[in-house]
Structures are given as structure tokens and as C-alpha cells.
Amino acid sequence: LERLLADPGVEDYVSDDRKFDKLNAIRKVESNDGKYTDHKSDAIGDYGMRPMAIQDAMKIGNVDDLKAVVDKMKDSPELQREAASKYYDIVNKTAKDDDDKMAYGWLNGPTGLKRAIASDKDLSEHWHVKKFQKLKEKLK
């Protein structure tokens, strides 16, 4: 917990360009590039991450520790980037580098993505996927 609450510094948590591009598109979808971070749900920050996603990404077991990290993340773009990068890895494990699955999984979590894949759902028509694809194209 102490490491998470300390300033992560300027370390770059995103090492590959495809991942960086996808996280940029997610940031645009979720907060219009950091402009609108007052989410309608309990999501926080530029990437619109919910506490449960933060808990999974940062491997936090204790609820009090999670609250402390969530509070710190609100004012720490570096910590938001780190959590988003780690959560991307979790979702992408199920998405297998498929952009539609990645965008859907970001919103619905890995379990929601697994259910959608199992039901053979057409993810390309989902509003979050469409918005992600449109913004990803603009970033090229």
C-alpha cells in the first residue's frame, strides 16, 4: 500500500505503442481526454475506472487500502495511468488484442466480456465499442 500511495514518479507504465493508442482512445471515451472526470457512476479519473477494477488492477485486498488508493488516484494522473495500464492487461487477456472486445471489456469488465463472448454477442454494435473505434481512428 505504501508504494501505491507514494508518488509513482514519471515512470512510463505503457511500453508498447498499440497499448498506448488503445489507452489514449479509452481516455478520450471515458473523460474526453481528462476534461470530464465527474462520472455518473462510482468511476473515477481520466480512464473512468471503477473501484472494483482498480482493486483488481492494483491487487488490493483490504477495503480501507482500496479507499486510500482511490482517494489518491483522484489527484494523481501517474497512478491513474499505472492502474489503467494494469487493468488493460487484465481485460486484454480475455480480449486477445481484439479492439472491440477490449472496448467492451473496459466498460463491462473481464467477466462481462467472457459472458458476451460465450453468448456470441456482436460487440461491434455496442455504443461503447462504436465510440472507442471512432476515437481510435481520429488518433491515428
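Trainee: In which helix is the place of Lys136?

Mentor: Lys136 has its place in helix H7, residues 127-139, where helices are DSSP runs (H or I, at least four residues) numbered from the N terminus. This is a predicted model, in which local features need pLDDT of at least 70 and side-chain atom pairs count only at pLDDT 80 or more, while totals for chains, interfaces and linings use all residues. Residues are numbered from 1 along each chain as its sequence is written, and side-chain values use heavy atoms, with hydrogens and water left out.

Trainee: Why is Lys136 called buried?

Mentor: Buried means under 20% relative accessible area, exposed over 50%, and partly exposed in between (1.4 Å probe, protein chains only); Lys136 has a relative accessible area of 12%, and is therefore buried.

Trainee: Which residues does Lys136 touch, not counting those up to four places away in sequence?

Mentor: Lys136 touches Ala25 and Asp99 under that condition, a contact being heavy atoms within 4.5 Å.

Trainee: What makes the buried residues of helix H4 lie on the same side?

Mentor: In helix H4, residues 63-73, the buried residues are Leu66, Val69, Val70 and Met73. They cover an arc of only 100° around the axis, which puts them on the same side of H4; the arc is that of the directions from the helix axis to the C-beta atoms.

Trainee: Which exposed residues does the face of H4 turned away from its buried side carry?

Mentor: That face carries the exposed residues Asp64 and Lys67.

Note on methods. Helix = DSSP H or I, 4+ residues; strand = E, 2+ residues; numbered from the N terminus.
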